[in-house]
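Have a look at the fold below, and then we'll pick a starting point on its surface.

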Amino acid sequence: MHSILVLSDIHGDIDTLNLILEKENYDYVFFLGDAIDYYWKEENKEVIDKLSNISKILFSVKGNCDNFHTPYNNPLIQRITIDNINYVLTHGMLYNKDTVGDYDIYIEGHTHKSKIIKENNKIIINPGSISKPRGNTYKSYILIKNNIIYLKDIYGNIIETTKIK
């Protein structure tokens, strides 16, 4: 089984991004958009450089704050199959779990509110934001490993777990 690091809504927070990338062991990275902050700042370039040069396999989608400053042309939605699990990735601003077709796990960002929900044999997750959480949630991310979804705070503490199968 492969392990997948799921990040969203970095908004220029290079220090937290580095902390998580160095802390976790993973094979893939799913990035759900919003690498840069709401306005341009120098840290945005560091985040873009870090994501562009990540040593693992990176799948990413475009967020609402990813504009002409981001050098990569990410799609708005991606479909990926890893270990016979069908994932759909989107930032969440244009698509939702009901509009993307078939999947095993639907992953979105955008709201900055972390969640893991099992619904009708499907799993809907949002890693939250590593920099600007909302709705009484933590700065957080997700690690998928050994058929378990771990919602973690930025220090690696487990907030919630859910078995995939």
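Start at L76, which is partly exposed, with a relative accessible area of 33% (buried means under 20%, exposed over 50%, and partly exposed in between, with a 1.4 Å probe and protein chains only). You'll find L76 in the loop between β3 (57-60) and β4 (77-82). Together with M93 and L94, L76 makes a nonpolar surface patch of about 250 Å². A patch here takes residues with over 30% relative accessible area and no salt bridge, joining nonpolar side chains (Val, Leu, Ile, Met, Phe, Trp, Tyr) within 5 Å and like charges within 9 Å. The areas come from the Shrake-Rupley method with a 1.4 Å probe, and for residues only the protein chains shown count as cover.

Before going further, keep in mind that this is a predicted model, where local features need pLDDT of at least 70 and side-chain atom pairs count only at pLDDT 80 or more, while totals for chains, interfaces and linings use all residues. Residues are numbered from 1 along each chain as its sequence is written, and side-chain values use heavy atoms, leaving out hydrogens and water.

Now step back to the whole chain. It has two helices and eleven strands, counted as DSSP runs (H or I of at least four residues for helices, E of at least two for strands) and numbered from the N terminus. Of its 165 residues, 50% count as buried. The C-alpha atoms fill a box of roughly 45 × 30 × 30 Å, taken along the principal axes.

Next, the charges. D15, E42, E43 and E46 gather in a patch of negative charge on the surface; Asp and Glu count as negative, Lys and Arg as positive, and His and the chain ends are not counted. Each charge is placed at NZ of Lys, CZ of Arg, CG of Asp or CD of Glu. Helix α2 (residues 42-52) gives the most to this patch, with three residues. D15 lies in helix α1 (residues 14-23) and is exposed, at 61% relative accessible area.

Side chains of opposite charge can pair when their charged atoms come close. The whole structure holds six salt bridges, each a side-chain nitrogen of Lys or Arg within 4 Å of a carboxyl oxygen of Asp or Glu. One of them joins E119 and K97 (3.0 Å, N to O). This pair links distant parts of the chain, 22 residues apart: E119 is in strand β7 (residues 115-119), and K97 is in the loop between β5 and β6 (105-108). Another joins K122 and D102 (2.7 Å, N to O).
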